[in-house]
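The following report sets out the architecture of a single protein chain. Please consult the sequence and the model while reading.

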Amino acid sequence: MARAVVATAYGDPGVLALVDVRNGSPGPGQVLLEVRAAGVNPSDWKSYSGAWGTDPGKLPLRLGHEASGVVLAVGPDVEGVEPGDEVIAYPVTGAYADRVLVRATSLLPKPAGLSWEKAAGLMVAGVTAAHTLEATRVGAGDTVLVHGASGGVGAMVVQLAHAKGARVIGTAGPVNHEYVSDLHAVPVAYGPGLADRVRAAAPGGVSAAIDTAGTDEALDTSATLVTDRHRIATIAGFRRGAQLGVHLLGGGEGADPGKDVRMKARAALVRHWENGHLDVRVGATYHLADVARAHRAGIDGKVQGKIILKP
Ligand SMILES: NC(=O)c1ccc[n+]([C@@H]2O[C@H](COP(=O)([O-])OP(=O)(O)OC[C@H]3O[C@@H](n4cnc5c(N)ncnc54)[C@H](OP(=O)(O)O)[C@@H]3O)[C@@H](O)[C@H]2O)c1
């Protein structure tokens, strides 16, 4: 028997419960993973909030798309993975658990020096960031505006863009400006007057913009400062983004899920960590049983860095 977090209904984090679940043995192509840490992402609380529908047939909803852990058992035809292997798992369905069945193709070896917590928080934000940079063709010589540079995805975008040789201007709340500077971006406060502050920080102009905040302000400022709409992408502001004709990336109507780009990016993210080009800021760690508290902290924007759950 395993323990897993489920949403028992649609609503606020009060609907979350830690319950017994039966995994069974891994089938063909599957691996049973002992979860050491699971990454928390905004899509986790959006999934049961009602914002994406309230189909009672989907309840109880398992949560969590990324984890790190140790392989406990492998299915009949699985090669290249063995019990005892320390791995990063993405994508996962139901990573908020102490044990979970995952596809063997979801696994990557975890470098020994990468903590369980950082490993669990690397993939969702990292592959999304890689997708935004590929869609907007960011490279050396670019000046990129990143909205939400202190966030899980934004911090990855900043680090990967910097590694490509781009100059980065990153918006964040004042409390996070030092962090954004540490990531080698020029911090700028979001809010009224944003376009002028970005112009002052980038006198030579902005060649591409990536929005992880999803606000009209972020998208309108991007459209004002970047001439080519194909060099603007959003992962969160799909309504305004569609009106402006910029790249819409991820899940959602009219958006590019970028499955292949994202799957390919996984190994590169691990290499970037190994080369010292990127790191994961862990803001808070909670026990699985405290998942409702963890989600409330995330929804309130109170945690600076990734939220991690541990069994
Ligand atoms: N489409 C996809 O494939 C995909 C994938 C992953 C995530 N997402 C979505 O992308 C969004 C960001 O995810 P995340 O994991 O990075 O979230 P996160 O870690 O909570 O980061 C949110 C960021 O937004 C910033 N922010 C808050 N209010 C803002 C404002 N008014 N203007 C500009 N920035 C503001 C925060 O800055 P401060 O804290 O410094 O104030 C923080 O940097 C979420 O909506 C998530 O659901 C989409």
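Asn176 is located in the loop that joins strand 10 to helix 5 (177–182); helices (H or I, at least four residues) and strands (E, at least two) are DSSP runs, numbered from the N terminus. Asn176 counts as buried because its relative accessibility is 10%, where buried means under 20% relative accessible area, exposed over 50% and partly exposed in between (1.4 Å probe, protein chains only). Leaving aside residues up to four places away in sequence, Asn176 touches Ser150, Arg281 and Gln304, a contact being heavy atoms within 4.5 Å.

The model is predicted, so that local features need pLDDT of at least 70 and side-chain atom pairs count only at pLDDT 80 or more, while totals for chains, interfaces and linings use all residues. Residues are numbered from 1 along each chain as its sequence is written, and side-chain values use heavy atoms, with hydrogens and water left out.

The protein chain contains 10 helices and 16 strands. Its 311 residues would, as a compact globule, have a radius of gyration near 19 Å, and the 19 Å of the protein chain agrees with this; the radius is taken over C-alpha atoms, and the globule rule is 2.2 Å times the number of residues to the power 0.38. Along the principal axes, the C-alpha atoms fill a box of roughly 60 × 40 × 35 Å. Buried residues make up 52% of the 311 residues. Of the contacts with a separation of 6 or more, 64% are between residues 24 or more positions apart.

Six strands form an open sheet with parallel pairing, in the order 11-10-9-12-13-14. Its edge strands, strand 11 (186–189) and strand 14 (247–248), each pair on one side only. Two strands pair if DSSP finds at least two bridges between them. Strands of a sheet pair through backbone hydrogen bonds, either parallel or antiparallel.

| Strand pair | Sense | Bridges | Residues opposite each other |
|---|---|---|---|
| Strand 9 and strand 10 (residues 167–172) | parallel | 4 bridges | Val144 and Val168 |

Helix packing can be followed in two places. Val157 lies in helix 4 (residues 152–163) and counts as buried because its relative accessibility is 0%. Apart from residues up to four places away in sequence, Val157 touches Ala129, Thr132, Leu133, Val146 and Ile210. The C-alpha atoms of Val157 and Leu278 are separated by 9.8 Å, although the two residues are 121 residues apart along the chain.

In helix 7 (residues 216–225), the buried residues are Ala218, Leu219, Thr221, Ser222, Ala223 and Leu225. Their cover includes strand 9 (143–147), strand 12 (208–211) and strand 13 (232–234), together with helix 6 (194–201) and helix 8 (238–244).

The accessible surface of the protein chain comes to about 13500 Å², and 51% of it belongs to carbon and sulfur atoms; such areas come from the Shrake-Rupley method with a 1.4 Å probe, and for residues only the protein chains shown count as cover. The chain has 30 positive and 30 negative side chains, with the centres of the two sets 2 Å apart. Lys and Arg count as positive and Asp and Glu as negative, whereas His and the chain ends are not counted; each charge is placed at NZ of Lys, CZ of Arg, CG of Asp or CD of Glu.
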